[in-house]
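Visitor: I would like to learn how to read a structure like this one, beginning with a single residue and then moving to the whole chain. Could you guide me through it with care?

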Amino acid sequence: MAPKSDNTEVIVLNFVNEQNRPLNTQNAADALQKFNLKKTAVQKALDSLADGGKISFKEYGKQKIYLARQDQFEIPNSEELAQMKEENAKLQDQLQEQKKAISEVESEIRSLQSNLTLEEIQEKDAKLSKEVKEMEQKLDKLRGGITLVRPEDKKAVEEMYSDKINQWRRRKRMFKDIWDAITENSPKDLKEFKEELGIEYDEDVGVNLQSFSDLLQNGKKRARGR
């Protein structure tokens, strides 16, 4: 239920005085919605207060701007202003200290929240213990000479690896033949020409065909030695 007209004027007058800044009807109506005041009631109260000399107003075209009467406020002198500025500076310092303290507390809370609970620690410990046990069982099998990879799987991997090495070797040879043919009578510096084309040799990227071939051969030797 909306307040009575006399109560409405009291509410509006208190609001205008508290704000002590230029206001139009919409500003006041928006702020006073919490009192169940409609815009028309606020407009009526503002006009009544202005007509009664309780507030000031200015007309700008069709719009009225309302303002609290300034003669009701005590205007501080220069000494009082200086004191107010000093108090304000102290309050600002206190505010910054409070913000810093709040930030430190929030940081501590985040740190505590990120730590594992006892239940989570126990769950993680159980999981890790299980993984360690499984790895120890695999290690025992390896120590006992048990083959964990089936011979047919091992053979398939070796054949695929050997095929890739052979392709690498063939393509390396094909490139060399083509490169030699192109650069045989070229007046360009071969190193600069290679960089210009964006060509990289195996050694440029830190790989060596022979070392990969040796891996395959070494693996076969170890298999025969068992």
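Guide: Helices (H or I, at least four residues) and strands (E, at least two) are DSSP runs, numbered from the N terminus. In this case, Glu9 lies in helix H1, which covers residues 5–19. This is a predicted model, in which local features need pLDDT of at least 70 and side-chain atom pairs count only at pLDDT 80 or more, while totals for chains, interfaces and linings use all residues. Residues are numbered from 1 along each chain as its sequence is written, and side-chain values use heavy atoms, leaving out hydrogens and water.

Visitor: How many helices and strands does the protein chain have?

Guide: The protein chain holds eight helices and two strands, and their order along the sequence is α-α-α-β-β-α-α-α-α-α.

Visitor: Which residues does Glu9 touch?

Guide: A contact means heavy atoms within 4.5 Å. Leaving aside residues up to four places away in sequence, Glu9 touches Ala45, Ser48 and Leu49. Glu9 and Ser48 are 39 residues apart in sequence, yet their C-alpha atoms are 7.9 Å apart in space.

Visitor: Why is Glu9 called partly exposed?

Guide: Buried means under 20% relative accessible area and exposed over 50%, with partly exposed in between, using a 1.4 Å probe and protein chains only. Glu9 is partly exposed because its relative accessible area is 23%. Across the protein chain, buried residues make up 15% of the 226 residues.

Visitor: What box do the C-alpha atoms of the protein chain fill?

Guide: Taken along the principal axes, the box is roughly 115 × 65 × 45 Å.
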